[in-house]
Amino acid sequence: MPRLNGELVAMAGRTLPWGVVGTAGGAGLLLATLTRITGETGERLSLHLLRAAVLAFAMGLVFLLDDPARHTTATVPTPRPVRVALRVALVVPATAAWWTAALLLVPPELRPPVADITLEAGAAFALAVAGAAVAVRCTEATRPGPRVAAGLLTSAVLAVLFWPGRWALFVPVEDERWAAAHDRWAVVLAGAVLVGVLGVVEPLRRWSWRVVPGRRGAGWRDLRRAG
C-alpha cells in the first residue's frame, strides 16, 4: 500500500499544471513588487496591487483539476475525491510559499493587516478550486480551466464594480467597514470550501440513455449505469 500511495502521489505530481500555476504566480509576484514603487499613493494602492496579485495566482489555480486523461482515470479504484484532495494537498505548500513571498514584497509600512488579507486570499483560492471542481463534476470537459478562469475574472470585475455597498467586501484598511467586510470574507471562504467539497463527491448514480438493438419498437430505450 505505501508503494501504491507513492506511485499515486508521483502520478498526481506529474499531471499537475505546474507551468500554468508558476506563470500565474510569477505575474502575481510582479504585481506585489510594484507596491515598492507606489510612492505617495501609499497603502491604498498597495492593497489594490496585492489583491490583483491574489487574483492572478487564483487564475492559475483554476487549472488545478485539468486532466487530459480524466476519462481514463475515472475507472481506477481510487475515488475522485481522493484524487482531487491529493492534487490540492500537493499545491498547498507552493501556495503558502507564494503567499509568504508576496507579503514580504510589500513594504512593512504599506502592508495591510496580514490575517485579514490572508483571509481574502484564502477565499479567492478556495473559490478558484471550487469553480474547477464544479466544472469537472458538471461537464465532460478534460480541460475546463480556461472557461473557469474567464468566469472567475469576469466575476471579480463585476464584484468590484457592482457589489452592494452595504455588504462591502473590497474596502480600504482605513474604512470603518473593514472588520465587517472580513466577517463576510469568512463566510465566502466557508461557502467556497463547502461548494468545493460537494463538487468533488462522486454522484451516487449517473444514468444515461442508449438504444437497445433488437428490442421491439424503434423508440425502445433502456437505462444503464454509467461508469
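The legends below accompany close-up views of a predicted model.

Local features were taken only where pLDDT is at least 70 and side-chain atom pairs only at pLDDT 80 or more, whereas totals for chains, interfaces and linings use all residues. Residues are numbered from 1 along each chain as its sequence is written, and side-chain values rest on heavy atoms, with hydrogens and water left out.

View 1. Of the 227 residues, 36% count as buried, where buried means under 20% relative accessible area, exposed means over 50%, and partly exposed lies in between (1.4 Å probe, protein chains only). Taking a contact as heavy atoms within 4.5 Å, residues 24 or more positions apart account for 71% of the contacts in the chain with a separation of 6 or more.

View 2. In the model, residues 12–33 are 91% helix and 0% strand, with the end C-alpha atoms 32 Å apart. Residues 185–201 are 94% helix and 0% strand, and there the end C-alpha atoms lie 25 Å apart.

**View 3. The aromatic cluster formed by F57, W98, W99 and F125.** Rings of Phe, Tyr and Trp (its six-membered ring) pair if their centres lie within 6.5 Å, with planes under 30 degrees apart counted as stacked, over 60 as edge-to-face and the rest as tilted. By this rule the count comes to five aromatic pairs. The ring centres of F57 and W98 are 4.5 Å apart and the ring planes stand at 15°, so this pair is stacked. Because F57 belongs to helix α3 (residues 42–61) and W98 to helix α5 (residues 80–105), the pair ties together parts that are 41 residues apart in sequence. F57 is buried at 2% relative accessibility, and W98 is buried too, at 7%. T95, which also sits in helix α5, is buried with a relative accessible area of 12% and, not counting residues up to four places away in sequence, touches F57, L61 and F125.

**View 4. The largest nonpolar core, with 40 residues.** A nonpolar core is a set of buried Ala, Val, Leu, Ile, Met, Phe, Trp, Tyr and Cys residues joined through side-chain atoms within 4.5 Å. The members that touch the most other members are L50, L61, V62, L65, W98, W99 and F125. Two or more residues each come from α2 (18–33), α3, α5, α6, α7 (145–162) and α8 (178–200), and the largest share, 10 residues, comes from α6. Leaving aside neighbours within four places in sequence, L65 is in contact with V84, R87, V129, A132, A133 and V136.

**View 5. M59 in helix α3.** Apart from residues up to four places away in sequence, M59 touches A149, L152 and L153. M59 and T23 are 36 residues apart in sequence, while their C-alpha atoms are 9.9 Å apart in space.

**View 6. The two salt bridges of the structure.** A salt bridge is a side-chain nitrogen of Lys or Arg within 4 Å of a carboxyl oxygen of Asp or Glu. The side chains of R51 and E120 meet in one of them, at 2.9 Å from N to O. Since R51 lies in helix α3 and E120 in helix α6 (residues 114–138), this pair ties together parts that are 69 residues apart in sequence. Both R51 and E120 are buried. D175 and R177 also meet through their side chains in a salt bridge, at 3.0 Å from N to O, and R177 counts as partly exposed at 35% relative accessibility.

**View 7. R166 over the face of W167.** A charge sits over a ring if NZ of Lys or CZ of Arg is within 6 Å of the ring centre and within 35 degrees of the ring normal; R166 lies 4.7 Å from the ring centre of W167. R166 is placed in the loop between α7 and α8 and, at 64% relative accessibility, counts as exposed. R166 and A181 are 15 residues apart in sequence and 9.5 Å apart in space, C-alpha to C-alpha.

Methods: Helix = DSSP H or I, 4+ residues; strand = E, 2+ residues; numbered from the N terminus.
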